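Subject: Structure handover

Hello,

Here is the structure for you to keep. My notes on it follow below.

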Amino acid sequence: MTAWFNREWPWYVAGPLIGLFVPALLLTGNKVFGISGNLRHLCSAIVPGKVEFFRYDWRRAGLWNLVFLAGVLIGGFLASHLGTSHAINISPETMTTLSKLGIHDFTGVAPHELFTWQALLTLRGFISVVVGGFLVGFGTAYAAGCTSGHAISGLANFQLPSLFAVLGFFAGGLAATYFILPLVIGRL
Amino acid sequence: MTQTSLPEFEGCGVASGEQPELRPAFLPIYLLLGMAFGFILTRSEVLSWFRIQEMFRFQSFRMYGIIGSAIATAAVSLALIKRAGLKSVSGESIAIPARQLGSGVQYVAGGTIFGLGWALTGACPGPIFALIGNGVTVMIVAVVSALAGTWIYGWLQAQLPH
C-alpha cells in the first residue's frame, strides 16, 4: 500500500468521495443516502412495541441500509488495521483550547479521557457517550435525518427543510461546544 | 403510520413513493458501498471527536471543505442524473421525494437536539459505527443509547410539535 492510502486524506479528496455516495445509491437501487434511518429500522426490527412509528416492514424499507451500515463498521475496521496509527493532526489552537478544558491525551481518534469503558464510569464519560448518544438518536428521528440525509442528500437537492435542519445541527453543536462541554470536561 | 409515510423520512432512504422492493441480489453492493464509506470516514478523520471540535471552534477549514465539497459533488451529480433522465440499475425512475416544510419546528428542534449530541459524542450516526470498527468499542453504548432516543421519539411523536 502506498503512503497516501494509509495516511489521512485531504479534504478535497475525502469530500467529493463522500458526495459520490448520493449518485451511487440512487443509480444502484433508487435509494437516498442517509444513515440515521437505520436507528429507526433497528428499533422496528428489535423492539417495535405498539409504537406506530416502528410498525412497518423494515426489511423492505431498510434492509439495504442496515447492510450498508454493517459495511461502515467493517470499513472502519479495515481502515484502522491497514493504516499507520497516528494522532489526529488538529490545529494547534484547538489543542491549546482543549488542553485548557482538561483534555490532555491527543493520541487516539477520540479522547481517551471521555471514550473508553473506564471513562464511561465517570460523569463526563457518561454524558459524552450515553447522553450524547441519546440526543443523537432522539434528534435525528425528530428531524428525520442527520448529516448524511439532510446536510448532504438534502442540501444537494436544495430542500428547504434540510437547510432548517442543518442550521439546527450547528446551533446545537455550537451550544454544546461553548456552554456544555466546558462544564462536562472541566468540572466533572 | 404505515409504509406510505416512509418517503417523508429521508434517513430511511426510500427514494420513491412506491413500496420498495427487497432485491437481495443488490445487498452485496450495499455492503461494499458501506465498507467504502466507513473507510473514507476513517481516512478523512470525519469520525474524530477532535475534528468535530476543531470544526465547531472554527479553527480549521478541513471539515467545512469536506462537507462543502461533498454537497457540491452530490448536487452536480443529481443535476446531471435529472437532466439525463437516468434510471437506476433496478429499473426505477430516479427521484428524491420532496419533503414538506410544514411549520419547520421538527427540523429546527430535532436538528438542534441532534447538534447537541453531535458535539457531545463527537460523531454523527455513520461515524459512531465506523468508530466501533476503529476499536472505540465503548461507542456500542452510544448506539444503544441512540436507539433508546429514537424509540422515545417514536413513542412521543404524537405529542411533539412538528
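Chain A has nine helices and zero strands, where helices (H or I, at least four residues) and strands (E, at least two) are DSSP runs, numbered from the N terminus. Its C-alpha atoms fill a box of roughly 50 × 45 × 35 Å along the principal axes. This is a predicted model, in which local features need pLDDT of at least 70 and side-chain atom pairs count only at pLDDT 80 or more, while totals for chains, interfaces and linings use all residues. Residues are numbered from 1 along each chain as its sequence is written, and chains are lettered from A and ligands numbered from 1 in the order in which they are written.

Of the 188 residues of chain A, 54% are buried (20 or more other C-beta atoms within 10 Å of the residue's own, with C-beta atoms placed from the backbone).

In chain B, helix H5 (residues 125-133) packs against helix H6 (residues 139-156) at an angle of about 150°, with the axes 9 Å apart. Axes are lines fitted to C-alpha atoms, for helices over the stretch in contact, and angles run from 0 to 180 degrees between N-to-C directions. H5(B) and H6(B) are therefore roughly antiparallel (an angle over 145 degrees).

Regards

Technical notes: Parallel < 35°, antiparallel > 145°, perpendicular 65-115°, else oblique. Buried ≥ 20, exposed ≤ 12 C-beta atoms within 10 Å, placed from the backbone.
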